[in-house]
Amino acid sequence: MRHQLGLAVGPATFRIGSAWRGPIDALARLYAAYPPIDFARRVPDFTVRLQPVQPWRRFIRSSIFIAGDHMLPDAAPMALEHGLLAAEMGMNLQMALGWRRHVLLHASCVEKDGKALVITGESGSGKSTLAAMLGERGWRLMGDEFALLDPASGMVFAFPRLVSLKNEAIDIATAGITPERIGPRLEGTPKGAIRHLVPNAEAIARMAEPAVPRLLLLPRYGFAEAHRPVEQGEAFVRLTEASTNYIALGEAGFGALVRFVRTVPAVALDYPDSATVLAAVEALWGEVA
Amino acid sequence: MTYRAEAPDQIIVERLGAIDALYHRRSGTTHLVAAPVPQILEALGEGATDVAGLLARLAARFDLDTPDDEAKAALEQRLAELIDLGLVRGER
């Protein structure tokens, strides 16, 4: 590829190649604080390629096709101005389809005193926004998209990629944050407006440190405040649904999730706004930590 | 019909509160099952038998308050489901 960049996010390493300079420049700016990868000394875990739909489309009506080690053959091409998003989606896709060292949970995660709060929920539940806000309020952000559960130790490993903020969450989660940590506003993406937030210096510096899972939170945004304990069986089902590689890991994945739900209490939390959810999380954490 | 349970070393059973999570090694599949399925598998694990024999084993362990015919019909239904999951084999 004409342009490329090496990146390490948590335990995973990536080579991002692109036919255009723009997406690589945007990534290089936002990932400047992350450890670089020297391709001469290390083969990255995954390659993502941002390539034209057809060779001549590098210049005319440029459209990005996301390719790489793991691909979705029928993925729709993306506009060149969304190149940063395409790179992020490509990295997520490699993790979701290719990562085997941990149980990959579609969950956000924050840490305090060596203990992790794992937050899982459907798109729109607010897990990214909540993790981003907690990451600026005394917690270490471990990741807004994936939590990596180690079958051997039961610990959770961080994957603190750029936080992907959507629509109304953008203003809420970027309030008071310096412009250098905020990416360009991408309008009209398949998920509406998107802006990326760079995790703070502590989150990046400590991204290799795992944490012991202490609480599993299942939030739902847009409801009156309420919370209820979630039984082990229900938590197990929710985690298998939230994992992209549970079936591929076989017995190791089964053992890891059984251990997780037996040792980590789970709470379903409904909330109407960010002030409510922040207060509720601190109160619930006070009960378990 | 004679029913034979999957070999015990092929199934891992973990109690998770009110339900059991069951990992079937041969198929790599996870099943979440509630009573009486784990009890049926355990009783059948003593050896292949027919519905009457299995019912007798279960009656020896639990107080079954349903009449025999109803219990047999219900048991046959559960066994048919377990055959579909690959956890029990039915032999004519």
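A residue counts as exposed when its relative accessible area is over 50%, as buried when that area is under 20%, and as partly exposed in between. Keep these cut-offs in mind on the way through this predicted model.

Start on the surface of chain A. A:Phe59 has a relative accessibility of 60%, so it counts as exposed. A:Phe59 sits in a loop of chain A, the one between β3 (46-52) and β4 (63-68). Together with A:Trp56 and A:Ile60, A:Phe59 makes a nonpolar surface patch of about 390 Å².

Now turn to strand β2 of chain A, residues 12-18, which holds A:Arg15. This residue has a relative accessibility of 24%, so it is classed as partly exposed. Its contacts reach well along the sequence. Setting aside neighbours within four places, A:Arg15 touches A:Gln4, A:Leu5, A:Phe39, A:Pro44, A:Phe46, A:Thr47 and A:Val48. One of these, A:Gln4, meets A:Arg15 side chain to side chain in a polar contact of 3.3 Å. Another, A:Val48, is 33 residues away along the chain, yet the C-alpha atoms of A:Arg15 and A:Val48 are separated by 6.2 Å.

Next, look for covered parts. Helix α3 of chain A, residues 127-135, is mostly covered, with nine of its nine residues buried. Among them are A:Lys127, A:Ser128 and A:Thr129. The buried list also includes A:Leu130, A:Met133 and A:Gly135.

Charged side chains can be covered too. A:Asp144 has a relative accessible area of 0%, so it is buried. A:Arg161, at 3%, is buried as well. The two form a salt bridge, and their closest N and O atoms are 2.9 Å apart. Why does this pair tie together separate parts of chain A? A:Asp144 lies in the loop between β8 (140-143) and β9 (146-149), while A:Arg161 lies in the loop between β10 (156-157) and β11 (163-166), so the bridge joins parts 17 residues apart in sequence.

A:Arg161 has a further partner. Its side chain also meets that of A:Glu145 in a salt bridge, at 3.5 Å from N to O. This pair again links distant parts of the chain: A:Glu145 is in the loop between β8 and β9, 16 residues from A:Arg161 in the loop between β10 and β11. A:Glu145 has a relative accessibility of 16%, so it too counts as buried.

The side chain of A:Asp270 makes a polar contact of 2.9 Å with the side chain of A:Arg220. Beyond its neighbours within four places in sequence, A:Asp270 is in contact with A:Arg220, A:Phe223, A:Ala224, A:Glu225 and A:Ala226.

Now bring in chain B. How many residues of chain B are in contact with chain A? There are 13, and they touch twelve residues of chain A. The size of an interface is often given as the accessible area lost when the parts come together. Here the area buried between chain B and chain A is about 1000 Å², and carbon and sulfur atoms give 64% of it. Three residues stand out. B:Glu14, B:Leu16 and B:Tyr23 supply 48% of the area that chain B buries against chain A, more than any other three residues.

Polar links cross this interface as well. Five residue pairs are in polar contact between chain B and chain A. On the chain B side, the elements that give two or more residues are β2 (11-16), β3 (19-24) and β4 (29-33). There are also two salt bridges across the interface.

Over all chains, the count comes to 23 salt bridges.

Definitions and conventions:
Residues numbered from 1 in each chain as written. Chains lettered and ligands numbered in written order. Predicted model: local features only at pLDDT ≥ 70, side-chain atom pairs only at ≥ 80, totals over all residues. Heavy atoms only, no water. Patch = residues over 30% accessible without salt bridge, like charges linked within 9 Å, V, L, I, M, F, W, Y side chains within 5 Å. Areas by Shrake-Rupley, 256 points an atom, 1.4 Å probe, with all protein chains shown as cover. Salt bridge = Lys/Arg side-chain N within 4 Å of Asp/Glu carboxyl O. Helix = DSSP H or I, 4+ residues; strand = E, 2+ residues; numbered from the N terminus. Buried < 20%, exposed > 50% of the residue type's maximum accessible area, 1.4 Å probe, protein only. Contact = heavy atoms within 4.5 Å. Buried area = accessible area lost by both parts, 1.4 Å probe. Polar contact = N/O pair within 3.5 Å; in protein donor to acceptor, adjacent residues only side chain to side chain.
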